[in-house]
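Below is a set of questions and answers on the fold of one protein chain. Please look over the sequence and the structure before reading on.

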Amino acid sequence: MLRSCTAGLRSLWALRGRREGAARLSADLQPARRLFSTEKAVHKDWALPNPSWSKDLKLLFDQFMKKCEDGSWERLPSCKHTCTYKSEDFKTYFLDPQLVEGEGLSQAQLFTRGFEDGLGFEYVIFNNNDEKRTVCLFQGGPYLQGIPGFLHGGAIATMIDVAFGSCAAISGGAVMTANLNINFKRPVPLCSVLVIHSQLDKLEGRKLFVSCNVRSVDEKTLYSEATGLFIKLDPKKSST
Ligand SMILES: CCCCCCCCCCCC(=O)SCCNC(=O)CCNC(=O)[C@H](O)C(C)(C)COP(=O)(O)OP(=O)(O)OC[C@H]1O[C@@H](n2cnc3c(N)ncnc32)[C@H](O)[C@@H]1OP(=O)(O)O
């Protein structure tokens, strides 16, 4: 497992070297051309297979794409720089409106999409709106290491939070995490694929109670279990 991960890393670093060269080149291009390439990057959907995806991840992805054909499941696209939520939903929640309107957030990108392909969080989320549940397929790359050879617990927690956020958003729209409670039951080998099954358990006013289990591809190993509380944002309230 780790040997194939190392081989994968070598080719990723070679790829990165080429990309950095390309990035340096593009810095010399005309401003209009730069804007065009930035625009393209902004709208890229990152929840699609790339060469770093393992056979297991691709196989599961294909299985879920099949389930999408009758409309019962849907794949959630994922952008690096723009939130899936409409930004107006969050406007009352930002500390400084000038930060949102101005240049302040120009560098911002989704934490889980800030790594080169294969090095960090590779994932895709599928929603089942009728059943109020989601399945997140996640491959944790070598930059997410905690104990040597295993995924950092914070990386697992992050992925659970993202999966929960999508699950709660089915019913709640713009929501934020109020509470996360995770039981880590088995260490997760680095570069392995995890399946996170999340569901909405209860909706109580603005409170959405969610739970999940984190399993291996063959479902035999239960790595973690978690519950979460999400709160639907109240547009009349501000975070300040
Ligand atoms: C497609 C999408 C893709 C999405 C893809 C991206 C997904 C990314 C997911 C990442 C999500 C995050 O990391 S979010 C970032 C981490 N979270 C935060 O920073 C949140 C910080 N906390 C807050 O801003 C606030 O506390 C809120 C928004 C959570 C709640 O504030 P509020 O709106 O004023 O609500 P408030 O009146 O206090 O509480 C409402 C009700 O909830 C209860 N309540 C509130 N907090 C708690 C709590 N921790 N534990 C128990 N109960 C609580 C209250 O008692 C009350 O119950 P009752 O009296 O009504 O019974």
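**Fold and packing**

The protein has six helices and seven strands, where helices (H or I, at least four residues) and strands (E, at least two) are DSSP runs numbered from the N terminus. This is a predicted model, in which local features need pLDDT of at least 70, side-chain atom pairs count only at pLDDT 80 or more, and totals for chains, interfaces and linings use all residues. Residues are numbered from 1 along each chain as its sequence is written, and side-chain values use heavy atoms, with hydrogens and water left out.

Q: In what order do the elements of the protein run from the N terminus on?
A: The protein holds six helices and seven strands. Read from the N terminus, they run α-α-α-β-α-α-β-β-α-β-β-β-β.

Q: Which strands are the edge strands of the open sheet?
A: Seven strands form an open sheet with antiparallel pairing, in the order E1-E2-E3-E5-E6-E7-E4; two strands pair if DSSP finds at least two bridges between them. An edge strand pairs on one side only, as do strand E1 (74–76) and strand E4 (175–184).

Q: What is the bridge partner of Phe138 in E5?
A: Strand E3 (residues 133–140) runs antiparallel to strand E5 (residues 193–204), and seven bridges join them. Within E5, Phe138 has as its bridge partner Leu194.

Q: At about what angle to E4 does helix H6 run?
A: Helix H6 (residues 153–172) lies across E1, E2, E3, E4, E5, strand E6 (207–216) and strand E7 (222–232). Axes are lines fitted to C-alpha atoms, for helices over the stretch in contact (heavy atoms within 4.5 Å). Angles run from 0 to 180 degrees between N-to-C directions, and the value for H6 against E4 is about 135°.

Q: Why does the end-to-end distance of H3 agree with its length?
A: The expected span is 1.5 Å times one less than the number of residues. For the 13 residues of H3 this should be 18 Å, which agrees with the distance between its end C-alpha atoms, 19 Å.
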